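Student: I'd like a close look at one single part of this structure. Please walk me through it slowly and spell out the cut-offs as you go.

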Amino acid sequence: MTEEYIIWFDHLGMGDVARVGGKNASLGEMITNLSGAGVRVPGGFATTAAAYREFLRVNGLDRRIAERLEGLDVSDVGVLQRAGAEVRGWILEAPLPPALDAGIRENYRRLGSDADPEPAVAVRSSATAEDLPEASFAGQQETFLNIRGEEAVVRAVHEVYASLYNDRAISYRAHHGFDQLAVALSAGIQRMVRSDLAASGVLFTLDTESGFRDVVFVTASWGLGEMVVQGAVNPDEFYLYKPNLDAGRPAVLQRHLGAKAIRMVLGDGPDNPVRTEEVPEAERMRFCLSDAEVEELGRHALAIERHYGRPMDVEWAKDGLDGQIYILQARPETVESRKGNVVERYHLKERGKVLTKGRSIGNRIGAGKARLIASSADMERLAEGEVLVTDMTDPDWEPVMKRAAAIVTNRGGRTCHAAIVARELGIPAVVGTGDATEAIGEGQEVTVSCAEGETGYVYEGLLDYECRRLSTEELPVLPVKIMMNVGNPGRAFHFSALPAHGVGLARLEFVINNMIGIHPRALLEYERQPAGLKAEIDRRIAGYPGPVEFYVERLAEGIAMLGAAFAPKPVIVRLSDFKSNEYRNLLGGDRYEPEEENPMIGFRGASRYVSEAFRDCFALECRAVRKVREEMGLTNVEVMIPFVRTPAEAEEVIGVLKENGLERGREGLRLIMMCEIPSNPLEAEAFLEHFDGFSIGSNDLTQLTLGLDRDSALVAHRFDERAPAVKALIHMAIQACRQRGRYIGICGQAPSDYPDFASWLMEEGIESISLNPDTVIDTWLYLAGEGQE
């Protein structure tokens, strides 16, 4: 009789979802089909849905449950809690059918060995409708870890059955129109992976915030994976570039070191199977996976995605005893993969005081009164349209989370429970702030912004914002290429969905300021720094081999994110164009930078690159570009040099680039020059001897042509890129490049602000116009004659 109640994973496949639920069917599918691709899945067996239904039938529970839950008002949390507790009590009191009880015991014994007769197992739930693509929530039912012995395993299966009627599961089925008794449960009994001695986490085979499909997004933390899933830790995060996983090239695009403050490890007995402990500081300050391990995980993820033919959400664990990486479960990703051809763009129209910040979930903005809630017992206090502020959430919170205008948590990463539910509900969330419950006051009016990249901000007050919905369907053909100005690598995947021809300006200053924050000279001369500065540098470079490696790697990460997002379209990276006062603001910068009277026309751009005082700092930028182009193969990344004053300086900077391995024409490398000083168009032919083209910087060109400081409010009203003198110089630059067959584009602010100016540029024969992303669609339609009045 036990054969209809128990089936081993290696006898299951996706055709068995009705018998054992999506989770257990998927485990069997991977064991059967992906072992040859190196995907390791711990073995085990499943109880069937038929066994669960027989359990209900013989105990008369199906009728009692149906009557108790009929017409239940799940919006009343108190009513829901009382009904759920009563049903779960009935299930736990009822005995399992003898054949099922015996079958669980017998097959658990088969999992053992002479050396380990009572192996540790995980007992997981797998509902028959839980993991269908159109209906999937995080953690609907319970999981029990480190279960040893027949009695404990049988008891855990009983608990899993009861969890089908926890409050969140009842509420979920009611809201999605599922008959409460139509969903059956299968329990999976799976060998434990000793990730308590190593690391574990969750991965997605796309970017969870934008839906960008060419990356694998991995989260990782020390110990058992429940801490990551629950959002109890801020994990390490990695982006992997799928084409490089296939090509055998370095595939890690970006790393983010998480706090990883606690971990879950095995407990000391049946009454305490798992426990949490603090992670020693030395382990917190390093990544819990090497690049080689992350890339191995990425290749497993690709094999799984290709087998299933859709984006996947995968839980994984590294065994600390054998050092191998295992896949614990895989299910379809159900939020970003459903999105169509309309792009939402939220934009804050004003700024306020930042109360706290963390990892942004989604790209929306929400505002309302903050409601600080300490535990799920108090969650009924959350009113419609308020901002939920708490330490962390778990599935017990789901019945009220849909009321929130936004969610803010102290703990958690981008794959934690709060993040997953926020995405499913379309609610902005900022997770892993560390201090939200202290920084935000009860009842305080706040605005939660996830529209500014991978960092989410909570601002004081109800700020004005807008949402624009842009269609990315096919646009009219133009005689000019529309490109984008993108500085923030954290927004690159979002912006890649817009129908542009690449990036006309990627500002390296954003990467240096936001991803590094330390003056390059302070890192080159690390040993000479005072103790206090050294300590702060140590804190910031944690996880990287050394100070210089940190600078090069972080630069390369920022450039690679931009290059990968738009590949194979060109991404023109402008090397650093900080002025001396801006470099002074970096950590350690005041030790190295001069105090200039007018830094706008001082020690910047090419002059800085070729000077002895900065040449070795500039070499680090060149190393980063070379890594991205040569090692990672992102040859769509091109180089742009700013503020070149004379042809002699142009020749000198080309020589410095060549000394650092960036030679014009090598592996197709184009070197573009910013055309932003009047001498550039006036001596265009001489400059073009050294460069492959110009990108017009209309901001600096205007201020230097009209002789006014664009940072001065006293003369700001005189600043106009459409002034005849400025247009005359731009005309000269365009004509010079066209005559010589060189690239000519514009990356200044003017075309984004003035569509008529963009139209004039198109008439002049410019090759590309690089716009702010929020103006791409409107300007495109204007130039096509569809946006003009």
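Tutor: Let's step into the second largest cavity, whose volume is about 150 Å³. A cavity here is a set of points on a 1 Å grid, over the protein atoms alone, where a 1.4 Å probe fits but cannot get out; its volume is the space filled by probe spheres set on the points, which are joined across faces, edges and corners. The model is predicted, so local features need pLDDT of at least 70 and side-chain atom pairs 80 or more, while totals for chains, interfaces and linings use all residues. Residues are numbered from 1 along each chain, and side-chain values use heavy atoms, without hydrogens or water.

The whole structure has 8 cavities of 30 Å³ or more. Lining residues have an atom within 4 Å of a point, and this cavity has 17 of them, with Arg-124, Leu-145, Ser-195, Gly-225 and Leu-328 closest to its centre. By class, 9 are nonpolar, 4 polar and 4 charged; Ala, Val, Leu, Ile, Met, Phe, Trp, Tyr, Cys and Pro count as nonpolar, Asp, Glu, Lys and Arg as charged, the others, including Gly, as polar.

Strand 6 (199-204), helix 8 (226-230) and strand 12 (312-318) each give two or more residues to the lining. Such elements are DSSP runs numbered from the N terminus: helices are H or I, at least four residues, and strands E, at least two.

Strand 3 (residues 121-127) joins strand 5 (residues 185-191) through 7 bridges.

How values were computed: Pairing = 2+ DSSP bridges. 1 Å grid on protein atoms, 1.4 Å probe; cavity = no way out; pocket = protein on both sides within 12 Å on 5 of 7 lines; lining within 4 Å.
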